[in-house]
Amino acid sequence: MASRGVPKRRHAMSRKMLILFSASLSCVVVLLLASLFRFHSPKPPIQVSRSRLFFDGPPKIAFLFLVRRNLPLDFLWDAFFQNAHVSRFSIYVHSAPGFVFHESTTKSHFFYGRQITNSIQVLWGESSMIQAERLLLAAALEDPANQRFVLLSDSCVPLYNFSYVYNYVMVSPRSFVDSFLDAKEGRYNPKMSPKIPREKWRKGSQWITVVRKHAEVIVDDDVIFSVFKKYCKRRPPIDTRKGKLNLKLQKQHNCIPDEHYVQTLLAMHGLEGELERRTLTFTLWNQSATKMENKGWHPFTFTYSNAGPQRIKEIKGINHVYYETEYRIEWCRRNSTSVPCFLFARKFSEGAAMRLLSEDVVNDHPALLATPP
């Protein structure tokens, strides 16, 4: 009986050893494959800040023109850029989709082919306005030499020569963003909370001048822009059949995203301490009454007759801005030195721009600020 049991036990032991060996071999194979996969699998790309990209030569100002179609004041800007070294500026234009700047569409060679190719149709009062700004900034960020970004409209004019503008902007490590508490108007939509809390809601001029770091924040934003896109709608047309309901509908859609987006976004990122909270572009606001609101504000248009030397001198002489909602006076200074508040102005007609050109305003040579490093 015992002699017959020995071969069975040996056979059973052999089977166990075979199973253990197979299991061990499988583990080794799995570990080896995992190691090989880990070794050969592509590593995630390393994110490199665009601010740290190397560039050779002097830093540049990127002039970003947000226009309807053509640039009617291109002849004045041509005189402005004529006195600038090409290594110190670049030009980008957001125009209507398909519009091309060439010999037959602009009077200045500086604008040839400077339109961005991914432009969109822009409607006032809608998020497409701030999307166009973001597209301009994104295009300009592709050039690492662009270190300052100035947003301008098709009715903006320079008040000083290029050298003065360049030194004024470059010596400051801050962005120039008009930003203040929007305490009086009902543009904030409570549905924006909690992504945009009420205390972070800001208002200001659309016409900004930002450093590269802040330009990246604007371009890389998806969260705040999506909230504006969802809740900032254009005012619906007035329908007489709706009577008093029109007033409610007008208020619900009275967001004006281009006057709130950048200011609110930078406040959300805790960057207000890095700003000069004022714009460099002067606008004369003309107060008037409308049927739907007690007060309405519209930018005053300068014409040939009212754009004389005395008016321009008055604009250049402004050295502070008062913000009523914050009881704040923003003195325009560089360190402890008083400087003019505005480098640009709007809205200027072609006739007004012709007068500035004939009186050589853009080639005015004030005492220059210290040359930037």
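**The enclosed cavity and its surroundings**

By class, the lining of the largest cavity has 6 nonpolar, no polar and 1 charged residues, where Ala, Val, Leu, Ile, Met, Phe, Trp, Tyr, Cys and Pro count as nonpolar, Asp, Glu, Lys and Arg as charged, and the others, Gly among them, as polar. The model is a predicted one, in which local features need pLDDT of at least 70 and side-chain atom pairs count only at pLDDT 80 or more, while totals for chains, interfaces and linings use all residues. Residues are numbered from 1 along each chain as its sequence is written, and side-chain values use heavy atoms, with hydrogens and water left out.

Rolling a probe the size of a water molecule over the atoms shows where empty space is left. A cavity here is a set of points, on a 1 Å grid over the protein atoms alone, where a 1.4 Å probe fits but cannot get out, and its lining residues have an atom within 4 Å of a point. Grid points are joined across faces, edges and corners, and a volume is the space filled by probe spheres set on the points. By this rule there is 1 cavity of 30 Å³ or more, and the largest cavity has a volume of about 40 Å³. Its lining consists of Leu64, Glu133, Leu137, Phe149, Val150, Leu151 and Ile208.

Leu66 is found in strand E1 (residues 60–66), and it counts as buried because its relative accessibility is 7%, buried meaning under 20% relative accessible area (1.4 Å probe, protein chains only). The C-alpha atoms of Leu66 and Leu152 are separated by 6.1 Å, although the two residues are 86 residues apart along the chain.

The protein chain as a whole has 10 helices and 17 strands, and buried residues make up 46% of its 373 residues. Its average pLDDT, the predictor's confidence in each residue from 0 to 100, is 83, and 77% of the residues score at least 70. Over residues 32–48 pLDDT stays under 50, and the model has 1 contact beyond four places in sequence for them.

Methods: 1 Å grid on protein atoms, 1.4 Å probe; cavity = no way out; pocket = protein on both sides within 12 Å on 5 of 7 lines; lining within 4 Å. Helix = DSSP H or I, 4+ residues; strand = E, 2+ residues; numbered from the N terminus. Buried < 20%, exposed > 50% of the residue type's maximum accessible area, 1.4 Å probe, protein only. Contact = heavy atoms within 4.5 Å.
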